[in-house]
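Here's a quick tour of a protein model for you to follow on screen. Have a look at the picture, then read on.

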Protein chains: 2
Amino acid sequence: MLHGNAIIGQSGGPTSVINASLCGIIQQCLAQKAVGKTLGMRFGIEGFMRGDVIDLGRESPSVIESLRITPSSALGSCRHKLKDADFPRILEMLKKYDIHYCFLIGGNDTMDTIHRVEQYCRGQGYELIGVGVPKTVDNDLCGTDHTPGFGSAARYVALSVKQAGVLARDMKYVDQYVIFQTVGRSAGWLPAAGALAKTAEDDAPHIILLPERAFDRDRFLADVKRCYERYGWCSIVCGEGVCYADGTPISASTITDKFANVEFGAMGGTSAAMMLHRMIHAAYGWRGEFQVCESLQMCAADRTSPGDVEEAYACGRRAVELALGGTSGVMVSIVRQAGAPYRWSLGTALLAEVALGAKPMPDEYINAEGNFVTAACIEYLEPLVGPLPEYGRLAGVPA
Amino acid sequence: MLHGNAIIGQSGGPTSVINASLCGIIQQCLAQKAVGKTLGMRFGIEGFMRGDVIDLGRESPSVIESLRITPSSALGSCRHKLKDADFPRILEMLKKYDIHYCFLIGGNDTMDTIHRVEQYCRGQGYELIGVGVPKTVDNDLCGTDHTPGFGSAARYVALSVKQAGVLARDMKYVDQYVIFQTVGRSAGWLPAAGALAKTAEDDAPHIILLPERAFDRDRFLADVKRCYERYGWCSIVCGEGVCYADGTPISASTITDKFANVEFGAMGGTSAAMMLHRMIHAAYGWRGEFQVCESLQMCAADRTSPGDVEEAYACGRRAVELALGGTSGVMVSIVRQAGAPYRWSLGTALLAEVALGAKPMPDEYINAEGNFVTAACIEYLEPLVGPLPEYGRLAGVPA
């Protein structure tokens, strides 16, 4: 068994449960004789290159345990696109701290980072075992049934859409529509989760706009009008990255970040929901509101899905078991057993394959009209989000 | 004791606990012999005039009980500015349904409605006992220490600011600021509640913009820069209705509703937070995000403050006790006993006085710089919001 120090890092956007994975890795590392020191890189690989390394063995066990319920990335995060020129510095730091185990928690950019670092080290004759732990609220990682962090963000979306839907129905003579915007860039998993809010036919949401389907303004406005005529109000959930057929985002933002991803809401200075709001108001003169919660859906620790916390923690522990067993170049994955009730186990996916790209929603999860999800999608989502509260509704017997 | 039927209505914007008040009124009415039928007006006084009246005695007791945890306005709500021409129709409906007890749950516009209806009936020789039950997330009702609904909305704000603050600190090398916009129009109570998120000096929020203080762009940008230089990031909470010294809203919206209130966020097609975001980005080129949750903070039933639910329910029951005792023309109020720990009891305020106007935050709750709240304000707010979760924070001992 390889002896040496271990380092842990977090990168990309946070989730409500990424620290549960961190907790699992730290606790498991501290229990291993083969692992010398358990180190943490502050602010991801960028901080590591700056030499911002901390000794996690000197944290109090109660603080480590409290990470299980702490949102965001306790080590600090970054969004660094690894350049070839970075490798010598990274190797220098690995040698300096005698690090032979590396655990990174993140999405596909992070899996790409760990994969390339591991390959570089191998080429340089430096032994490094690298294992990835998945996280992203977007649920767009390949090689795993779903990603830790998604279920909790999806729960935030479903709760918000449900509660705002109850409100919108009660206020239908004042406001005629409500639009909830989710994060998730090019993947529709989070807007899809809004569908879990629906129990009765007239419940929110009525329309779900997914980035997997091209936006058609006229069809959308006709859908909204149809809902208004049927229910007296309309609830719309939209992904931040919904685009027209030519690929132009409806948020009309043209700013891109350094991964060449288009920036929505945050830096575009506008948002998809606001543009929909303006469209409806201009077409029909109705009143309504748009809700842009941004990263709040990625850090609502009081709204985590219990299963999500458990899986995130288990993924962290398993990463250490795999590494100590000599496995490198993989990401821990979650495997779902077919059928109900929901049962899961842990597996592995090759980092090289995970790093390749984002996983969109499959066609069979989207309805023919492209404006809602299917029963198969609901079935997939339900166990990840957990049961939602049931609210009272008056029968309303005329006096 | 006056015998007759009772009617209950809800109006104005909903809260997470207005249905707890409704539950209290219904349960107490159903237990009284002097009350014949317990009726509900759908969609407020507007629905009542249309004849949309339901028999609440025919609802199942379990549905009535479930209202305690159901957000929004189960009877439906409206925003109707009562006209003199409405009175004959209202009296006609009161007579038709033999209604002699009227309970309306709402804010100052609602208290004005019940006050004027009661006066009109008296002038017409029709006996009507009218009692108001306070509600508004804005906490700007006169005659009561605070309003049911505020504590829960304030809890939503404090939780959101706290969680987004943890995230922003962990992401400070990616994004440099986060802006959370609250509802609350001309009252700063909700943005002030963001201050409860702060435990350590560098915790969010760093700046609170209150509608009670004029916005100065240069001073604001200097404050943001100072925070950035001190912490590496900046958390800002702003009320939707913050204005420049000349009274122009920073959201630059000029649309007004039928009460001549300026419309923020929802219909203005822009928002205060977005304008602040653009200002900061233009001045410093930093990345950041704005969060506009709108009515989500008014209906998050999973984030209610336990004390708020209890008080809302008690206010509903007390309204019936007062009415049955022959008291009319009052609103139930919450009286806070001086000193700690927090203790409350119920009192009354005259509808005529409550209807007069909105209660701003007192000067002693706002700091001298006008960019944060004072310890006295925190002391006022804490018991209404309840304890917030504590999250783990690594000591970060360098390796």
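Let's start with one residue: B:Glu294 is buried because 24 other C-beta atoms sit within 10 Å. (Buried means 20 or more other C-beta atoms within 10 Å of a residue's own, exposed means 12 or fewer, and partly exposed is in between; C-beta atoms are placed from the backbone.) This is a predicted model, where local features need pLDDT of at least 70, side-chain atom pairs count only at pLDDT 80 or more, and totals for chains, interfaces and linings use all residues. Residues are numbered from 1 along each chain as its sequence is written, while chains are lettered from A and ligands numbered from 1 in the order in which they are written.

- You'll find B:Glu294 in the loop between β9 and α10 (306–324) of chain B, and its phi is near 50°, a positive value in a residue other than glycine.
- B:Phe43 is another non-glycine residue with a positive phi, about 55°.
- B:Phe43 sits in the loop between β2 and α2 (44–50) of chain B, and it counts as buried because it has 24 C-beta neighbours inside 10 Å.
- For background, most residues other than glycine have a negative phi, and most peptide bonds are trans.
- Over in chain A, the peptide bond from A:Ala204 to A:Pro205 is cis, with omega near -5°; A:Pro205 is in the loop between α7 (189–193) and β7 (207–209).
- The bond from A:Ala340 to A:Pro341 is cis too, with omega near -5°, and A:Pro341 belongs to the loop between β10 (330–336) and β11 (344–350) of chain A.

**Two loop residues in chain B**

- B:Tyr342 lies in the loop between β10 (330–336) and β11 (344–350) of chain B, and is partly exposed, with 13 other C-beta atoms within 10 Å.
- B:Tyr342 and B:Pro383 are 41 residues apart in sequence, yet their C-alpha atoms are 6.3 Å apart in space.
- B:Thr270 is in the loop between β8 (234–239) and α9 of chain B, and counts as partly exposed because it has 19 C-beta neighbours inside 10 Å.
- From B:Thr270 to B:Arg185 is 85 residues along the chain, and 15 Å between C-alpha atoms.

**Chain A as a whole**

- Chain A has 12 helices and 11 strands. (Helices, H or I with at least four residues, and strands, E with at least two, are DSSP runs numbered from the N terminus.)
- The C-alpha trace of chain A spans about 75 × 45 × 35 Å along its principal axes.
- A compact globule of 399 residues would have a radius of gyration near 21 Å, so the 22 Å of chain A agrees. (That radius is taken over C-alpha atoms, and the globule rule is 2.2 Å times the number of residues to the power 0.38.)
- Of its 399 residues, 59% count as buried.
- Among contacts in chain A with a separation of 6 or more, 74% join residues 24 or more positions apart. (Two residues are in contact if their C-beta atoms, placed from the backbone, lie within 7 Å.)

**Domains of chain A**

- Chain A splits into domain 1 (4–148 + 302–354) and domain 2 (151–298 + 360–385); such bounds come from an automatic or database domain assignment.
- The contact between these domains takes 18 residues from domain 1 and 19 residues from domain 2.
- The C-alpha centres of the two domains lie 32 Å apart.

**The nonpolar core**

- The largest nonpolar core has 260 residues, and A:Ala192, A:Ala193, B:Ala192 and B:Ala193 have the most contacts inside it. (Such a core is a set of buried Ala, Val, Leu, Ile, Met, Phe, Trp, Tyr and Cys residues joined through C-beta atoms within 7 Å.)
- Leaving aside residues up to four places away in sequence, B:Ala192 touches several residues, including B:Ile208, B:Met361 and B:Leu381.

**How the two chains meet**

- What links the chains? 64 residues of chain B are in contact with 64 residues of chain A.
- On the chain B side, α6(B) gives the most, with 7 residues.
- Chain B can be laid on chain A with an RMSD of 0.0 Å by a turn of 180° and a shift of 0.0 Å along the axis, so the two copies are related as by a two-fold rotation axis. (The superposition is by least squares on the C-alpha atoms of residues with pLDDT of at least 70 in both.)
- The same surface serves both copies, as 100% of the contact residues of chain B recur in chain A.
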